[in-house]
Amino acid sequence: MKYIINIFKIENKIKVLSLIGLSAIIFSCTEPIDLTVPTESPRLVIEASLDWEKGTLGNNQTIKLSLSTPYYDTAPNPVSGASVIVENTTNGDVFIFNDQQDGSYTTTNFVPIINNTYNLEVIYNNETYTAQETLISVSEINRIEQSREGGSDEEELDLTIYFDDPANEVNFYYITFLEGEDLLPTREIMSDEFTNGNEMSLLYEEDEADAEDEILPGDEVDINIFGVSEQYYNFLNRLIEQGDNAGDPFATVPTRLRGNYINPENPENYAFGYFRVTESVNEVYTFE
Amino acid sequence: MNHNKIKECIEACRSYHGQKHNKSHKGYCNHDSLVKPLYMKYFISLSIFLISNILIAQEEYTIRGTISDKTNGETVFGIAVYLKGTTIGTTTNEYGFYSITAPKGEYTLVISSLGYKEIQEKISLVKDIRLSIEITEDLNTLDEVVITATEDSKKLNIRKPQIGVTTLSASTIKIAPAVMGEVDLIKTIQLLPGVTNNGEGSAGFNVRGGAVDQNLVLLDEAIIYNTSHFFGLFSVFNNDAIKNVKLYKGDIPAKFGGRTASVLDVRQKEGNNKRLELNGGIGLISSRLTVEAPLFKKKGSFLLAGRTTYAQLFSGLLDDLRNSNISFYDINLKTNYEINENNKIYLSSYFGRDVFNIVNLIDSNYGNISANLRWNHVFNDKLFSNLSLIYSKYDYQIILDFDQLDWISDITNYNLKYDFGYFASDKLKIDFGASGISYNLNPGEITPSTQTSPINPLTLDQKRAFEGGLYVSADHKITDKLTARYGLRHSTFDRLGGQSITDYANNQPVIYNQELGIYQEGEATGETAYSKEQTIEKFGNLEPRLGLSYVLTDNSSIKGSYTRTAQYMHLLSNTASVTPLDVWTTSGTYVKPQLSNQYAFGYYKKFNNNAYSLEAETYYKTTQNRIDYIDGASLIGNNNIETEILNGEARAYGLELMFRKNKGRYTGWISYTLAKSEQRSFGGNAGGPGINNGNWYNAPFDRTHDISITGVYKLTDKWTFSANAIYQTGRPVTYPVGQFEYEGSSVVIFNERNADRLPAYHRLDISATYKPNRKPNKQWKGEWVFSIYNLYNRQNAASISFNQNYNTGVNEALRTTIFGIIPSVSYNFKF
């Protein structure tokens, strides 16, 4: 029933509202200012992305723990001394992640199995945080095409990736593009609710925000596609929206982004971040 | 005799109203049957009261007629008409009609209003008299700029039980300096106490802590759904076509219904019936032309007004906007024809459009269209009536070239209204009538825009509804000092079938995820289909309205009021500012009608023969069933809005002060508002603690302090200067309280909803008007208006967003400001 929403989610780049907002922006000016903002006491952040790249064994995995920091701080706040364990609840296998004393916890014997469910348990400061996810598969990229006409800017180089969506199942995708020396990737999400069983396509063009850094022949783009759960798709949707809102007078009221961690003993003391288990495809494309 | 007639009329209206219902709720739940006996009881007791009143009056005669302006024949609204030396009197209604009943005798009839020459006419009231009078502008006051020209009659307004109402004439609206010289009604009313908006570039306005969709905006009685061009930068009302504007801030008369916060009643000019008149203006943004002329040997007249921005206004401004078209235009039309003394018909219409096209990206346009056919009929000396058939529509279309999709959405309504004014006696005036509105909502229809488009055509559920209203209201002078107004409105709302409604497990469209502490979509279990003949849901509400005024001295009074209002239509919007793409929805299975109670109390005083006046009002307002949105709600193109909302409540209270100088070379006003507006939502059926843990939080339009100073100084016949100064507490927003790192990016941790505020908003505007010739016999009258908006170039934040810099990776606070200092010049002419 929610097809139209999906169209808008698919085309996250074309944010209708921000476009419409342009007419207000014609008269407007957006600039950085010095603004004092409040600070809340730190919370645990668990970045647990167990991605199994097609064609690899997927044995080496890292989970990062940190504490949240004041908004303007630039230094990270890594957490060591925690216990991090992942269990495959489908077959009972347990993987212990070793503390590297720099905020990262690693294992070298993780066994990824499609459609198996994994449970993460982190114990830190006598509080236990848990989350569950199922390893979701992803299709190969069929082809990548480059052009100049595809995007909103007719002079800019752009590329389109194509991949098959399996029929008879509901699929969600997370796609990242990292071009050249860009600091941050361009994030996209897609759902097949509108295009189930078809060949999916997604266009990538450098963001306006980055106009000076024009794409030239010879530039490389690092492309990753992840098969993700609906819950993670929703999480990413809000994460992306939050990042896109700069200067948009019609942005929705911002809200706190909660992941999938729960703290059963002390629900108030929840953790940020997300526990995902995915299959992924990586491809590096060089513009011609 | 007369009361039978009223009863007949009401019965007639009632049976019309009733039929409509019966048709639509065959075999469905009938909770109206509970309501009807109750309101019949009210009705009967009111009738008895009326009869007794009429019986007491003896040997009385009536004088009635129409008051119009001598220069152009426009009927004048709100002119005081009274009998000298008595407290018997009235004010003209929207059609210039008055009727006064008094005991047999000799009187002097006084017609008076600021800005017009007072007329005194000796009358011998030994029989019923018809007397239509033309009044002329007061030449002695031409040196002054008259503000709030109407209803400021010297004796009467402090007696009227109406509280929280402001009338503005087109000339008052013009005096305030405007952005780019575009005179803007919506901006002018924001200078009044209790009225604010969400800053520059946001559509609509907020009254007494109410939301934008809680204002009933009427242009010649037609509902206007979107009041702005250019996303709030300019209003849709072309001032040249407007006669006057009445804003009811809370004590909403019983004849209005359907919105809880305010009524903005805008009336278009009827058109000059004496001679051809041209009005126009050339500004930086747009040009205007208005033509008025008599028709049918001065039995009628017309007005046609057009306004348009210059073609491709901004295309040269920015390189990115080459070959783009960003513009707006609007057309106002009004004609009238006087069949005879007792019958007059009017046709008025509005058409406005915004166009926003950017090559290769987006093609969009949106706007309102309305039409109203009216028949004024005077039954007899005491009974005035108006029948209106009104059509109104708001729609938008977006073609996204990139996605090859074409999206349209609209809301249409037809409204049939019959209103009566019965001037029963010198102590009693009764208004009553009925209204039926049929709504058709098309929340979204999507089609492929090219032949190769992969988009499948799709239509969201069309919604249909019928809103009925029946009211009686009496202005009753109980003693010389005490006047009361009792009103009662009965409103009904039928959500009509012709679509399916989704069912949810445990009847929960939204569920609380206990583990994650968030609200999310419930589980759909199926659908219930309703045929076009069925009613999905029915609502009925009794809305009492009560006002009392007590005269303390000749120059001061106190007033109190209680108003209950119901609102069945809701605008879905969870963005900081209302956007043109926001969609209206009806009350129904999962969305309940908003019900509001407002208590207001006021003190009014005039000084120095009305040269100065002071108004102080306080109010307390509660609203049930205010829609609130769960975190991250997605509203656009959503067929199942119920999965994104909770029914909450709102409350607002405040103190409003207004001090005015009404006469002299220097005129103006200072208004100050101290207010609070909050809302909260418990989980209710969805479980959980509710939004923001069920705590009260600031409504987006909460402003603690709001001060406006407006002044006009008439230096010479040629030069007039004016200025505005505005200070407002910043609007509530949500700031970060931290960040966390995720996948190499910084993610903002936001505070509780609306827990922070933008920096205070303030600015100063000035303008000068130069009239090169003041020779009264010269037809062509021109004037230059020079203005500077935001004189000291204050960088007011329209919004502040929080982002990680794309190039440096450092977190920033980004402030978006809309208008800095803007000088402008425009030329207006009159012929």
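Predicted model: local features only at pLDDT ≥ 70, side-chain atom pairs only at ≥ 80, totals over all residues.
**Notebook: chain A and a sheet in chain B**

I began with contacts in chain A: among those between residues at least 6 apart in sequence, 66% join residues at least 24 apart. I count two residues as in contact if their C-beta atoms, placed from the backbone, lie within 7 Å.

Residues are numbered from 1 along each chain as its sequence is written, while chains are lettered from A and ligands numbered from 1 in the order in which they are written.

Next I looked up the make-up of chain A. I found three helices and 15 strands, taken as DSSP runs numbered from the N terminus (helices H or I, at least four residues; strands E, at least two). Of its 288 residues, 39% are buried, with 20 or more other C-beta atoms within 10 Å of their own C-beta, placed from the backbone.

Then I turned to domains, whose bounds come from an automatic or database domain assignment. Chain A has domain 1 (44-136 + 256-279) and domain 2 (141-253 + 281-286), and I see their C-alpha centres 25 Å apart. Domain 1 of chain A gives 13 residues to the contact and domain 2 of chain A gives twelve. On the domain 1 side, β2, β8 (127-134) and β15 (272-286) of chain A each give two or more residues; the largest share, four residues, comes from β15(A).

Of its 71 residues, A:Leu44, A:Ile46 and A:Tyr173 touch the most other members. Strand β2 (residues 44-53) of chain A supplies the largest share, six residues. Both domains of chain A contribute at least three residues each.

Leaving aside neighbours within four places in sequence, A:Ile46 is in contact with residues including A:Ile63, A:Val122, A:Tyr261 and A:Phe275. A second, separate core has 65 residues, among them B:Val183 and B:Phe231.

Last, I opened a sheet in chain B. This open sheet has five strands in the order β9-β16-β17-β12-β13, with mixed pairing; two strands pair if DSSP finds at least two bridges between them. I noted β9 (165-169) and β13 (222-223) of chain B as the edge strands. Strands β12 (residues 215-219) and β17 (residues 262-268) of chain B run parallel, joined by five bridges. B:Leu216 has B:Val263 as its bridge partner in β17(B).

Definitions and conventions. Core = buried A, V, L, I, M, F, W, Y, C linked by C-beta atoms within 7 Å. Buried ≥ 20, exposed ≤ 12 C-beta atoms within 10 Å, placed from the backbone.
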